[in-house]
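Have a go at each task before you read its solution.

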Amino acid sequence: MSAGNDPAQRVAIGISFGNSYSSIAFTSGEGKAEVIANEDGDRQIPSILSYVEGEELHGGQAKGQLIRNSKNTVAYFRDFLGQEFKNIDPTPCHQSAHPIQNKSSIAFQIRDTEAEDQNTVSVSEITTRHLKRLRNSASDYLGKTVNAAVVTVPTNFSNTQKSALNKAAKDAGIEVLQFINEPVAAVLAYDARPQAQLADKIVVVADLGGTRSDIAVIASRGGIYTILATVHDYEVSGIQLDQVLMDYFAKEFIKKHKSGGDPRENDRSLAKLKLESEAVKKSLSIGTTANFSVESLAGGIDFTATINRTRYELLASKHFAAFTRLVAHAVEKAQLDPLDVTEIILAGGNSNSPKIASTITNAFPGATVVLAPSTSPTAINPSELSVRGAAIQASLIQEFELEDIEQSTHPMVTVTPHLSHAVGVLCISGDETSGVFHPIVDAETPLPVRRTALITTPREGGNVLIKLAEGARHIKVTKPEPKPKKEKEEKDDDDDDDEDSDEDESEEGEELREKTWKVSNVLSEAALRGLKKGSKVEVQINISADLNANCIFREVGGKGGVRGLLSG
Ligand code: ATP
């Protein structure tokens with residue numbers, strides 16, 4: 001048994017391993033996750049390795065080698081793990097070591113020793129070396145040898161990819177206690193905070209990373225998370241945002257220094273342009289202007305320039321809009337309406353950009369909370385969400401035997417039945433058609449479930465009929481009243497330029513969209529007699545895994561109650 005396998009000897013951390021950056025975190029005694037900086041002081045550690053005369057450089061130091069030593073620098077490799085060469089997109093590796101086919105898997109040809117010859121190093125071995133460096137940084141910080149971890153993976157990581165990552169981690173001396181989906185880790189990072197309220201909610205995690213964007217729509221019911229829909233896109237990513245700035249600064253350089261040529265046409269100039277453009281993008285998340293400064297950018301010419309945030313936002317607006325469309329698409333794929341979304345967690349490094357948060361905020365109803373640094377003072381750094389969630393999960397499970405962890409996360413256990421419709425009550429007094437549906441157990445709640453709610457009865461009290469029913473959420477759309485024609489014509493006579501005709505359109509007002517409920521199926525009815533004026537009724541609903549429902553209705557402060565049992 002390896003040390004990581006034995007709960008008593010386990011030292012477990014959380015690891016987020018992205019194509020662009022990785023992070024490590026641990027949970028202190030008080031259950032608070034802390035992100036660990038490596039020996040260079042970086043919390044976001046580039047997932048890059050570089051070899052110089054046999055010496056291995058890692059993280060930020062390796063990233064610096066993309067300028068002079070790109071052929072022996074390996075970057076953007078996570079998604080190649082467990083994949084066949086014919087299925088990968090090597091585009092992000094254009095300015096670093098190129099992936100090659102190696103038997104049935106993928107490798108890089110690099111000079112990783114002092115010898116002149118290149119070696120073929122598999123993506124699995126590269127991953128092991130990267131994870132070893134992360135493990136060493138965590139061990140140095142903690143003062144004890146790390147031997148286990150919860151590791152985050154994208155929701156579309158296949159079992160083959162997970163097995164390959166599991167093996168690479170084992171070879172690095174890390175027992176993977178559990179893989180946790182990146183968006184679930186992000187929700188957990190928020191929900192584990194002391195001030196978090198574990199109310200039932202629909203959460204969208206929108207992750208704009210370096211090489212890809214990933215959206216997940218998650219139903220959180222009593223602290224259990226169910227992924228309802230996911231969307232992945234490699235065409236919307238940090239690389240595109242960096243490219244916007246690279247093009248801008250390249251054009252500025254050409255304008256000023258025609259003799260220097262286009263920095264995008266020379267490998268070394270391109271690498272310098274890329275590194276500095278990414279740094280400028282990060283600065284613009286905090287400041288309203290940023291400086292670009294590169295020594296000998298092209299043709300031996302030093303170049304400095306300034307850009308303000310507004311210009312960057314304008315240049316990148318189509319990418320921000322594309323990301324927002326992906327979020328809306330994921331909600332639609334989950335067969336939900338934007339009005340159903342309780343909160344949107346912005347994750348991934350690029351979500352630090354204020355414009356991303358404001359574009360998404362504008363596309364969703366006012367009641368949807370957008371959790372990002374620029375919209376919420378208590379937001380967690382989007383770059384650290386995954387790793388914090390992983391560290392919290394590690395602290396929750398590290399004392400269990402590996403077999404027990406495996407069993408509890410086996411699909412047989414985790415794929416529990418879920419309610420397809422909300423179940424709630426209607427309270428009726430007098431007119432049979434009156435009564436508003438109060439959802440008590442939301443759709444997508446895993447079974448079995450028990451929920452209790454207090455329902456305010458009709459004000460006059462007396463005899464009340466309570467119906468237990470299934471409800472379907474309905475969006476009521478109210479069109480704005482059309483303006484009386486005459487008034488409109490008069491206005492048109494006064495204003496005849498284009499700008500004002502736009503104003504006319506906006507003056508027509510937006511349609512009003514509201515969430516309402518329609519009762520789709522009445523399950524049972526109960527009569528409560530002689531209720532006091534304005535009294536409240538406690539409703540308790542229990543639904544078993546085989547869909548047997550049992551409910552209790554009781555007047556608060558009253559005597560007795562009504563109990564019912566329903567099957568199917
Ligand atoms: P992927 O796997 O998609 O490549 P990742 O999970 O490895 O992504 P993240 O840390 O989520 O990486 O995101 C990295 C991206 O975020 C890079 O494009 C980086 O430039 C960008 N980024 C990091 N910090 C900031 C910041 N403060 N402002 C804007 N962008 C940032």
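**Exercise 1.** Find which residues Ser20 is in contact with, leaving aside its neighbours within four places in sequence.

*Solution.* Start with the criterion: contact means heavy atoms within 4.5 Å. With that cut-off, the partners of Ser20 are Ile45, Pro46, Ser47, Tyr76, Gly210 and Thr211. Helices (H or I, at least four residues) and strands (E, at least two) are DSSP runs, numbered from the N terminus. Finally, check burial, where buried means under 20% relative accessible area, exposed over 50%, and partly exposed in between (1.4 Å probe, protein chains only). Ser20 counts as buried because its relative accessibility is 13%.

A word on the model before you go on: it is predicted, so local features need pLDDT of at least 70 and side-chain atom pairs count only at pLDDT 80 or more, while totals for chains, interfaces and linings use all residues. Residues are numbered from 1 along each chain as its sequence is written, and side-chain values use heavy atoms, with hydrogens and water left out.

**Exercise 2.** Describe the surroundings of the ligand: how many residues surround it, and which are the closest?

*Solution.* First, count the shell, taking a residue as near if one of its heavy atoms lies within 4 Å of the molecule. The shell holds 18 residues, and the closest are Ser20, Tyr21, Thr211, Glu278 and Ser285. Helix H6 (residues 267-286) gives the largest share of this shell, with four residues.

Second, look for polar contacts, meaning pairs of N or O atoms within 3.5 Å; within protein, one must be able to donate a hydrogen and the other to accept it, and residues adjacent in sequence count only if both atoms are side-chain atoms.
- Ser285 places a polar side-chain atom 2.6 Å from a nitrogen atom of the ligand.
- Gly349 has a polar backbone atom 3.2 Å from an oxygen atom of the ligand.
- Asn352 has a side-chain N or O atom 3.4 Å from a nitrogen atom of the ligand.

**Exercise 3.** Is Arg111 buried or exposed, and which backbone oxygen does its side chain reach?

*Solution.* Begin with the location, which is the loop between strand S9 (105-110) and strand S10 (119-122). Arg111 counts as buried, because its relative accessibility is 19%. Its side chain reaches the backbone oxygen of Ala115 at 3.0 Å. Beyond four places in sequence, Arg111 is in contact with Tyr51, Glu53, Asn72, Glu116, Asp117 and Gln118.

**Exercise 4.** For Lys162 and Ser524, work out where each one sits.

*Solution.* Take Lys162 first: it belongs to helix H3 (residues 159-171). Lys162 is partly exposed, because its relative accessible area is 24%. Leaving aside neighbours within four places, Lys162 is in contact with Val153, Phe157 and Phe179.

Now Ser524, which is part of strand S24 (residues 512-531). With 18% relative accessibility, Ser524 counts as buried. Ser524 and Lys467 are 57 residues apart in sequence, yet their C-alpha atoms are 5.8 Å apart in space.
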